[in-house]
Amino acid sequence: MPDLAVESRPAPLIRGPRAATVAVFFIHGLLFASWTAHIPQVKEHASLSVAALGLALLGAPAGSVSAMLVSARLLPRLGSRRMVRGCLVGYCAAGPLVGLAGSLPALFAALFAWGAFQGSLDVSMNTQAVAVERARGRPLMSGFHACWSIGTFAGAGAGVAGVAVGMSLTVQLLALGVPALVAGQALSARMLPDPIPLAKTTAEKPRPARRFSRAVLILGAIAFASMLCEGASADWASVYLRGPVHAGAVVAGLGYTAYSLTMVVVRLSGNQLLSRFRTQAVLPVLAAVACAGFTAGLVAGTGAAAIAGFACLGIGLALVVPTVNSAAGRLPSLGPGAAIVAVSTCGWLGFVCGPPLIGELAAATSLPAALGVVPALVAFIAVAAALTPQLRAGS
C-alpha cells in the first residue's frame, strides 16, 4: 500500500487475526441487538413513561460518542489489540446492568456506560480491521461489517426467544456475554499491531497530524449522511408503512427487514466486488440504485413499492461505512485509530440526529416529505464518493 508502512503477509499468517476480528464484529452486534426485544420490559421495570424512556435511550449514543473522543487519545498509546480486549470485558460486564436499572437516572447511567464500551469497542475493532486488511493486501472491511450485521440478526432473534420464554435481560446478556467474552479473549490474543503512518517510518520530519483535516471532514460527512439515513430507516420505516401507506402490522415490519437483508447480502459480496472494481465506481452506482429506488417507493406510496425502496436503500448504503473506515485508516501522517475515531464519531452523530430530524420535518410537513431527505443525502454520497481521492486508494 502506498500510504502505510505495513508488510503484506500471506493469507495463512492472518487467518488468526482475521478470525478474531470477525468474532469481535459478530459479538458487538449480537449483544446490543439482543436487548431491543426487552425494551418494553425494561420500561415497565423502571416505571417509565414513553417520554422518559426516550430520554433514557439517549444514554447509549451519548456514551458511545463520548467514549469515541476519549479513544482518540488511548488508541495510539495502547493499540487496537489491547483496546479490543479491555473494551470487550467492559462491554460484556456493563450490559447486564441495564436490566437491573429501576429508575430513569439508573437506566440512563447504565446505558451510558454500556454505550461507552460499545463505542470504544467499535473504533478499536475497526482499527484492527484496517490492520488485517493492510496485512492481507486486499479489501476485507465489507466482510467484517457483514459479520456485524449477521450478529445483529442473531442478537435480535435471541432477544425475541428470550422474551418468549420469560428470560430477563440481565440473565440473557450473561448467558450470551460469558461465552462471547471467553471466545473473544482467546481469539483476540492473536490480533495484529496497528499500521504505522508512513511519515513516522521515514527520515523526513513528519508534519503535525490534523485530526480534522479536509480529508477527515469529507469522509466524516459521507459517514454522517450514511448513518443519518440508517437511523432514519431503523426508526421510521415501520411508522411510514403503518401510517401514510396504511400497511398492516406484519407488512409494516418488512421495510427495515428488507433494508437489513439487502445490506447483509451486499456486504457479504463486498470484498470481491471491491477487489474487481474501483471503489469510486462501485459506491456511486450503488448509491444511484438507492436514490432511484427509494424515491420511486415514496412517489408510488404503496406497501410493495415502499418495501422495495428500503431494500434499494440497503443496497446503496451497505458499503459506505466499511469503505469510509478503510479509507480513514489509510490517511498519511495520521494513525488509523485517530482517523477512524473522527470519522466514526461523525457517523454516530448522524445516526443520533437522523430520527429526531425526520420527526421534526414530518411535524412541519408530512412523513413522506420528510423522508425525501434520505434520497437527497444518498445523492450527496454518490457525488462525494466519486470525487473523493482518498477512496481511490482502496480501489
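# Helices and core of a predicted model

Visitor: How many residues does helix 9 have, and what does it reach from first C-alpha to last?

Guide: Helix 9 has 29 residues and reaches 42 Å from its first C-alpha to its last, close to the 42 Å expected at 1.5 Å a residue. The expected span is 1.5 Å times one less than the number of residues. Helices here are DSSP runs of H or I with at least four residues, numbered from the N terminus. This is a predicted model, where local features need pLDDT of at least 70 and side-chain atom pairs count only at pLDDT 80 or more, while totals for chains, interfaces and linings use all residues. Residues are numbered from 1 along each chain as its sequence is written, and side-chain values use heavy atoms, with hydrogens and water left out.

Visitor: Where is the kink in helix 9 centred?

Guide: On Trp236, with a kink of about 50°. The bend at a residue is the angle between axes fitted to the seven residues ending there and the seven starting there.

Visitor: What about helix 11, where is its kink?

Guide: That one is centred on Gly270 and is also about 50°. Gly270 is one of the buried residues of helix 11, which include Tyr259 and Leu274. Buried means under 20% relative accessible area, exposed over 50%, and partly exposed in between, using a 1.4 Å probe and protein chains only.

Visitor: Which residues touch the most other members of the largest nonpolar core?

Guide: Leu107, Leu313 and Leu317, out of 110 residues in that core. Helix 9 (residues 214–242) gives the largest share, 13 residues. A nonpolar core is a set of buried Ala, Val, Leu, Ile, Met, Phe, Trp, Tyr and Cys residues joined through side-chain atoms within 4.5 Å.

Visitor: What does Leu313 touch?

Guide: Not counting residues up to four places away in sequence, Leu313 touches Ser233, Tyr259, Ala290, Phe294, Val374 and Val378. Contact means heavy atoms within 4.5 Å.

Visitor: New topic. Is Ser120 buried or exposed?

Guide: Ser120 counts as buried because its relative accessibility is 9%. Ser120 is found in helix 6 (residues 104–136).

Visitor: Which side chain has a polar contact with the side chain of Ser120?

Guide: That of Ser71, at 3.4 Å. A polar contact is a pair of N or O atoms within 3.5 Å; within protein, one must be able to donate a hydrogen and the other to accept it, and residues adjacent in sequence count only if both atoms are side-chain atoms.

Visitor: And His45, where does it lie?

Guide: In helix 2 (residues 39–45). His45 counts as partly exposed, at 46% relative accessibility.

How values were computed. Helices (H or I, at least four residues) and strands (E, at least two) are DSSP runs, numbered from the N terminus.
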